[in-house]
Protein chains: 2
Amino acid sequence: MNANLKFVSATATVDEAAIQPLPHSRKIYVQGSRADLRVPMREITQADTPASFGFEANPPVTVYDTSGPYTDPAAQIDIRSGLAETPRLPWILERDDTEALDGPTSVYGKARLADPALEELRFNLHRQPRRAREGKNVTQMHYARQGIITPEMEFVAIRENLRRKEYIASLKTSGPMGQRLAELMGRQHPGQNYGASIPDEITAEFVRAEIARGRAIIPANINHPEVEPMIIGRNFLVKINANIGNSAVTSSIGEEVEKMTWSIRWGGDTVMDLSTGRHIHETREWIIRNSPVPIGTVPIYQALEKVNGKAEDLTWEIFRDTLIEQAEQGVDYFTIHAGVLLRYVPLTAKRMTGIVSRGGSIMAKWCLAHHQESFLYTHFEDICEIMKAYDVSFSLGDGLRPGSIYDANDEAQLGELKTLGELTQIAWKHDVQVMIEGPGHVPMQLIKENMDLQLEQCHEAPFYTLGPLTTDIAPGYDHITSGIGAAQIGWYGTAMLCYVTPKEHLGLPDKNDVKDGIITYKIAAHAADLAKGHPGAQIRDNALSKARFEFRWEDQFNLGLDPDKAREFHDETLPKDSAKVAHFCSMCGPHFCSMKITQEVRAYAENGMQVKAVEFIKNGAELYTKA
Amino acid sequence: MNANLKFVSATATVDEAAIQPLPHSRKIYVQGSRADLRVPMREITQADTPASFGFEANPPVTVYDTSGPYTDPAAQIDIRSGLAETPRLPWILERDDTEALDGPTSVYGKARLADPALEELRFNLHRQPRRAREGKNVTQMHYARQGIITPEMEFVAIRENLRRKEYIASLKTSGPMGQRLAELMGRQHPGQNYGASIPDEITAEFVRAEIARGRAIIPANINHPEVEPMIIGRNFLVKINANIGNSAVTSSIGEEVEKMTWSIRWGGDTVMDLSTGRHIHETREWIIRNSPVPIGTVPIYQALEKVNGKAEDLTWEIFRDTLIEQAEQGVDYFTIHAGVLLRYVPLTAKRMTGIVSRGGSIMAKWCLAHHQESFLYTHFEDICEIMKAYDVSFSLGDGLRPGSIYDANDEAQLGELKTLGELTQIAWKHDVQVMIEGPGHVPMQLIKENMDLQLEQCHEAPFYTLGPLTTDIAPGYDHITSGIGAAQIGWYGTAMLCYVTPKEHLGLPDKNDVKDGIITYKIAAHAADLAKGHPGAQIRDNALSKARFEFRWEDQFNLGLDPDKAREFHDETLPKDSAKVAHFCSMCGPHFCSMKITQEVRAYAENGMQVKAVEFIKNGAELYTKA
């Protein structure tokens with residue numbers, strides 16, 4: 001029995017670390033317009049404020065929750081059975097435009113299913129794959145353009161609003177100071193959104209309109225009913241993606257499923273399975289069946305495995321079969337490097353680091369070997385036909401993205417971007433949802449050009465960027481070199497940020513690295529939301545700052561992105577439980593605390609000192625010149 | 001014997017981890033115009049490129065080196081004796097404008113020296129403190145304004161240039177492809193510098209002119225002859241500061257000296273000793289005597305200890321004595337919160353987090369208790385007199401900086417900034433060097449306003465900012481929330497970035513946290529240099545990228561900011577030595593590597609494919625429309 005088989009029989013258990021609710025958090029569901037439309041959120045409860053501060057209650061704060069049923073104590077979790085097919089299956093069925101297939105229709109999918117050697121490794125899926133009925137188009141974009149608001153659209157609308165109105169209302173009724181508290185906690189700095197059009201409240205109709213015009217996507221394959229719908233677009237909260245995937249060198253199925261549940265626990269909005277090793281097909285099935293977030297893949301990786309790693313042996317037929325294989329498993333978006341045109345390839349010869357995208361280099365090699373444009377480009381409309389039969393979204397890959405600061409914004413990169421814009425319009429002709437992948441390595445002063453060109457040339461299709469890394473001199477810290485760039489490009493309009501872990505360029509990320517990457521990118525995405533002035537984005541900052549000021553240590557930890565780490569750091573210096581309610585911290589000690597002094601200043605100022613101070617200003621201005 | 005005494009007798013040894021040269025690095029000294037002017041730099045040697053790439057030699061890369069004699073195997077290190085008084089002592093003496101004092105002239109300094117209980121704890125300083133002779137002004141600004149180029153100015157000019165010309169020359173002569181190599185490695189993207197005036201080469205005269213007009217400072221107390229001069233100004237490389245310091249709760253002298261040597265090993269350009277606990281005076285002496293970088297302090301912290309923590313008991317006399325005490329020890333810059341005016345204090349009452357600066361809150365409390373402007377403001381010219389007698393630089397403290405996103409850019413903060421601008425002009429009247437401290441917590445869209453107002457109101461005096469943190473929701477990761485803001489404000493014109501460690505808001509940083517803070521801020525500072533288009537900033541990025549592309553793993557590690565971490569991460573997945581020369585890495589494995597494929601593409605493209613590709617373009621454009 002190999003390690004993978006062992007996984008299935010012995011360790012196919014849920015990762016205990018991933019199913020504990022976060023401290024002082026509970027899963028809530030906001031009811032939509034129909035009984036089966038229940039939108040999950042996380043509610044963080046807080047302690048009351050000591051009476052001396054003038055406020056009493058601190059109503060719970062609602063935050064976006066990507067963790068799915070795992071953090072719901074009421075949910076039955078068994079990764080051998082996968083997640084429940086609700087919420088989406090009834091919605092898909094009642095649209096009555098799909099059909100159940102007898103089984104996988106791809107040659108490869110059939111072969112894997114028929115292979116008895118894979119029996120123990122295989123996820124035990126009872127459900128049949130579905131496909132659009134002949135002549136039907138089952139994409140969210142297609143519905144949106146017909147004016148239909150799907151349950152998926154309503155779901156994401158509710159999800160994006162995060163019960164903001166309810167929170168403000170709860171503040172107002174929290175006590176005698178409620179009105180003042182609501183003004184305090186609801187206040188937010190005006191944003192600079194560089195031409196985004198973010199409404200004060202997201203409605204289902206707004207979601208529909210954004211999808212119809214291609215400015216947002218809901219990646220949700222009809223064969224991934226387990227997904228909790230989410231939306232990617234510049235007028236919505238900035239999202240992040242976590243890459244996982246085994247490679248030829250290391251890692252097993254069990255580890256990858258664990259990385260997925262771990263990723264969503266900390267805030268991964270989508271997960272890309274970039275596996276390149278053995279058992280790609282089976283690994284993917286396990287991941288999708290257990291994933292409440294959209295799963296993306298790069299199908300060319302698997303196609304290459306099918307031709308034993310020889311790029312020149314790839315054919316449209318093999319690739320097409322791979323697309324169908326994966327679409328029938330439920331992959332929600334495909335990275336397709338169709339913009340790597342033959343004429344761009346020689347432009348990369350003068351680069352410092354050539355072509356660093358794996359997909360891009362595979363296609364470049366194919367193009368050169370055959371002296372012709374890639375089958376991804378020549379068969380693009382055929383690919384659209386497949387995408388719309390399952391509602392797989394395009395993530396048009398930037399196969400020529402720069403791999404170094406030196407190569408940033410060069411001819412090859414910008415040429416490909418233009419081609420991606422052309423392909424976007426072709427996809428949209430088929431009502432297929434599209435997002436566009438972007439850099440890479442880009443110094444700060446060149447980041448905005450990337451965003452501006454993408455908006456212009458790709459007609460506001462959502463931008464989905466890797467980093468960008470703003471310097472190359474810090475291997476081991478590329479989550480940070482890139483987090484800096486990610487925050488900025490998110491601010492300028494990028495809809496989803498693909499994380500980079502500390503192991504980038506050096507090795508495969510483990511669970512710690514995945515968490516570091518996720519938290520860094522949650523910071524970048526949130527900093528971008530704040531900078532854009534996304535309505536309500538500042539609520540969590542305000543709540544945490546208030547807890548900090550009031551020495552509510554537990555609340556400060558729990559309102560943060562990583563309560564465990566915050567508590568651990570605090571306890572290193574002051575481990576005692578009593579320190580959690582102490583009105584001081586280890587930085588200054590009990591006799592020397594600026595927060596404490598401020599409270600005194602505030603009390604002092606409010607007790608009539610304001611009048612005195614105002615009087616003082618009149619004379620005070622002259623005081624220095626006299627001295 | 002208490003823990004501190006134990007430190008002196010038993011553990012007053014050098015930190016072994018801080019004195020190893022970095023891997024494949026050696027200390028070099030660039031000779032200036034006089035024999036005793038030798039500017040330290042670090043040279044990183046590289047392996048040759050495999051012949052298949054077309055280039056041969058990779059000349060060593062020179063990088064800025066803050067680590068002082070510690071990483072010089074030729075230096076004798078004994079922290080009980082401190083560092084050598086060269087380089088600066090002869091320069092100070094030959095200016096013949098200072099006098100040796102019989103001993104400390106401050107009341108407190110004398111008392112500490114006379115206390116037999118401190119015998120074992122005391123650094124054994126034989127040298128007498130110096131002070132300007134009556135009527136003399138010994139600041140670098142004073143010399144600069146008289147047209148004098150000091151050795152310190154020449155030192156920093158050489159240091160800033162980093163042997164860039166020599167490096168490019170060494171590339172040109174590195175082999176038959178040398179000319180092409182020099183073009184490749186010397187190439188850099190144009191920057192966006194927002195009005196900075198960075199010359200292509202830094203001359204000593206340029207340094208003088210910048211100091212004369214107040215746009216840069218060289219913090220270098222005449223009682224800190226051990227310092228290797230460095231410059232802080234928007235037209236120079238962006239610098240970073242590391243805060244260390246014990247507190248009432250924890251930490252000992254030995255740990256603080258270790259944190260200092262550790263900070264400079266990883267790139268701290270200056271170190272602030274923010275100690276607030278017992279033995280502040282002795283701790284500081286040990287740190288300064290062993291520090292080759294400028295040391296900053298916040299004298300009000302110690303003054304407060306002298307009045308048992310009661311802010312209202314502070315007096316000008318106690319504060320003045322503290323300034324003299326510290327100036328005679330050799331502190332290079334003082335944070336002085338003289339901009340906290342009485343009229344600004346009530347403005348903080350409506351804040352979310354009040355006054356978070358410790359110095360600011362102390363002064364606010366004093367102002368309110370006494371109903372008058374602080375002695376820092378009323379005695380500002382007296383302070384200038386002390387500063388110019390030792391050449392201590394002002395770091396005008398932002399006592400009203402925001403402590404939360406909510407409070408960013410408010411009236412109190414911006415009012416104080418304006419006052420700091422007024423104080424700057426008074427200090428300049430005395431030829432005293434000045435930098436201005438800045439935020440704090442600021443969302444991205446409000447960062448530039450901080451920089452623009454500072455430049456305008458403080459007349460381009462160097463800005464020295466803490467972060468800013470761009471969101472409050474990630475306690476445990478505030479090195480990252482603030483690294484994002486630091487990179488941006490550095491780009492906009494900030495001269496020095498004060499680091500934030502992961503422990504910010506939670507606890508006292510240990511050595512790991514100090515390193516994480518430093519590396520994060522080195523990244524931010526370097527990303528800012530790149531974005532500004534600082535001449536030569538891209539050399540290290542280019543060298544590292546080239547090493548990466550050529551699978552020179554060791555060089556990739558060694559050219560990075562943290563070779564140890566990079567190697568450790570790589571070895572986690574591929575520990576074998578053979579993997580260090582392998583033309584693949586753990587991300588993809590040997591059969592699937594985009595870098596490798598790119599090399600093939602490049603070889604392919606260069607063998608005549610370019611012609612074919614160009615021909616193809618003419619027809620290729622039509623290819624899709626036909627399909």
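In this predicted model, the sulfur of Cys458(B) lies 14 Å from the closest cysteine sulfur, that of Cys384(B). That is too far for a bond, because a disulfide needs two cysteine sulfur atoms within 2.5 Å. Cys458(B) is also buried, at 0% relative accessibility.

Chain A can be read in the same way. A search of the whole structure, over all chains, finds zero disulfides. Cys458(A) is therefore in no disulfide, and the nearest cysteine sulfur, in Cys384(A), is 15 Å away. Cys458(A) has a relative accessible area of 0%, so this residue is buried.

Next, turn to a pair of helices. Two packed helices are described by the angle between their axes and the distance between the axes. Helix α11 of chain A covers residues 280-289, and helix α13 of chain A covers residues 316-329. They pack at an angle of about 30°, with their axes 10 Å apart. Angles under 35 degrees count as roughly parallel, so α11(A) and α13(A) are roughly parallel to each other. Their crossing is right-handed. From α11(A), the contact uses His281(A), Arg284(A), Glu285(A), Ile288(A) and Arg289(A). From α13(A) come Glu325(A), Gln326(A) and Gln329(A). By class, the contact of α11(A) with α13(A) has four charged, three polar and one nonpolar residue.

His337(A) sits between β11 (333-336) and α14 (358-370) of chain A. Is His337(A) buried or exposed? His337(A) counts as buried, because its relative accessibility is 4%, and buried means under 20%. Leaving aside residues up to four places away in sequence, His337(A) touches several others, among them Val298(A), Ser357(A), Met363(A), Leu376(A) and Asp398(A). Glycines are also touched, including Gly359(A), Gly360(A), Gly397(A) and Gly399(A).

Key:
Residues are numbered from 1 along each chain as its sequence is written. Chains are lettered from A and ligands numbered from 1 in the order in which they are written. This is a predicted model: local features need pLDDT of at least 70, side-chain atom pairs count only at pLDDT 80 or more; totals for chains, interfaces and linings use all residues. Side-chain values use heavy atoms; hydrogens and water are left out. Helices (H or I, at least four residues) and strands (E, at least two) are DSSP runs, numbered from the N terminus. Buried means under 20% relative accessible area, exposed over 50%, partly exposed in between (1.4 Å probe, protein chains only). Contact means heavy atoms within 4.5 Å. Axes are lines fitted to C-alpha atoms, for helices over the stretch in contact, and angles run from 0 to 180 degrees between N-to-C directions. Angles under 35 degrees count as roughly parallel, over 145 as roughly antiparallel, 65 to 115 as roughly perpendicular and the rest as oblique. A crossing is left-handed if the near helix is turned anticlockwise from the far one by less than a right angle, and right-handed if clockwise. Ala, Val, Leu, Ile, Met, Phe, Trp, Tyr, Cys and Pro count as nonpolar, Asp, Glu, Lys and Arg as charged, and the others, Gly among them, as polar.
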